[in-house]
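Open the structure in your viewer and keep the selection tool at hand. The tour goes from one stop to the next.

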Amino acid sequence: MLEKENLTPFQIQLLLYYLTAEPSKRTVTDSARSLNVSKWVVTRTLDTLEKLNIVERLENRKTVLTVPGVKLAEKYQKQRKVLEKYMQYQDIPPAQIKDNAFRALAAGFSDEFMERLAEQESRMHIKEIFAGRRDFHGGDICNYLSDGSYYFPFIIYREQIKNHNNLSMANRGFENPCEVIVKDHEGLVYLAAKTVSAQSMSSKNKMEGRIQKLQYLYDGEFRDGGIDGRYVFFPVTALRFISMGKGRDTLLHGSVCLKMQCSVGDMHMPESTAVFTMFIH
């Protein structure tokens with residue numbers, strides 16, 4: 001069974017009841033009273049769950065979850081928390097959140113969809129926490145992020161405006177968005193380098209290459225970033241953030257000065273310090 005067969009909202013609700021209820025309360029009578037339904041509804045639902053090998057009835061009128069049942073219930077419990085928090089940030093009335101969450105669980109969203117929803121909920125959560133803050137660093141944000149990968153858009157600006165343009169050529173050197181990988185509340189910003197081309201100032205020949213060296217400004221000095229294949233990376237703590245806007249429109253704006261060098265000859269991109277800016281919206 002399990003993964004391919006969607007349960008109804010009430011079946012999921014009953015499943016979560018048996019996951020969290022005290023052993024002495026795992027009876028038809030107690031579950032019916034707790035969930036405000038008739039004992040007949042509970043009995044019929046347990047019949048179905050038992051056929052699916054999710055629950056097992058004992059001789060003492062108690063019901064327990066099977067090993068697959070526990071695994072499924074824990075998965076639903078985790079997803080339910082994500083859904084309810086996400087709905088709170090969407091200003092859904094509290095009285096409707098619980099019912100809507102069970103309906104959403106019954107819809108059988110894919111694991112990939114739930115992961116992206118969890119990521120979006122995390123963004124909303126940290127925006128709420130840091131709203132109005134004027135100076136904090138990326139490490140503060142990582143304290144509120146679960147282990148995993150997060151994707152954020154970025155722009156790399158010139159340090160000095162040139163020809164009325166403040167965008168750095170380095171924007172062409174990386175894929176957008178960047179990836180932030182968090183583990184144990186510590187994060188690294190990963191930039192995937194792309195092949196870029198430019199004309200040599202001396203020979204006028206076309207040159208191609210990738211940015212392979214990166215330095216980031218931290219505590220007043222430039223430090224070497226890491227290299228992993230075509231990825232370059234640096235710690236999230238190097239980013240200094242400010243909060244802009246209010247409510248849902250809050251934008252967390254984090255910046256750090258970078259120096260980069262291309263892999264071809266002495267070509268630099270950019271030749272001077274650039275400002276990497278990441279957005280959490």
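Predicted model: local features only at pLDDT ≥ 70, side-chain atom pairs only at ≥ 80, totals over all residues.

Now select α6 itself, residues 111–130. Its 20 residues should span 28 Å at 1.5 Å a residue, and the end C-alpha atoms lie 29 Å apart, which agrees. Colour the buried residues of α6 next: M114, L117, E119, E121, S122, R123, M124, I126, K127 and F130. For reading such a list, remember that an α-helix has 3.6 residues a turn, so residues three or four places apart point the same way.

Stay with α6 and show the largest pocket. Which helix gives the most to the lining of this pocket? It is α6, with 9 residues. Helix α4 (67–89) and strand β4 (148–152) also supply at least two residues each. The pocket has a volume of about 700 Å³ and is lined by 22 residues. To find its centre, select K78, V82, E115, A118 and S146, which lie nearest to that point. By type, the lining holds 10 charged, 6 polar and 6 nonpolar residues.

Select β8 (residues 186–192) and β14 (residues 231–235), two antiparallel strands joined by 5 bridges. Pick Y190, then look across to its bridge partner in β14, F233.

Note on methods: Residues numbered from 1 in each chain as written. Heavy atoms only, no water. Helix = DSSP H or I, 4+ residues; strand = E, 2+ residues; numbered from the N terminus. Expected span 1.5 Å × (residues − 1). Buried < 20%, exposed > 50% of the residue type's maximum accessible area, 1.4 Å probe, protein only. 1 Å grid on protein atoms, 1.4 Å probe; cavity = no way out; pocket = protein on both sides within 12 Å on 5 of 7 lines; lining within 4 Å. Points joined across faces, edges and corners; volume = space filled by probe spheres on them. Nonpolar A, V, L, I, M, F, W, Y, C, P; charged D, E, K, R; others polar. Pairing = 2+ DSSP bridges.
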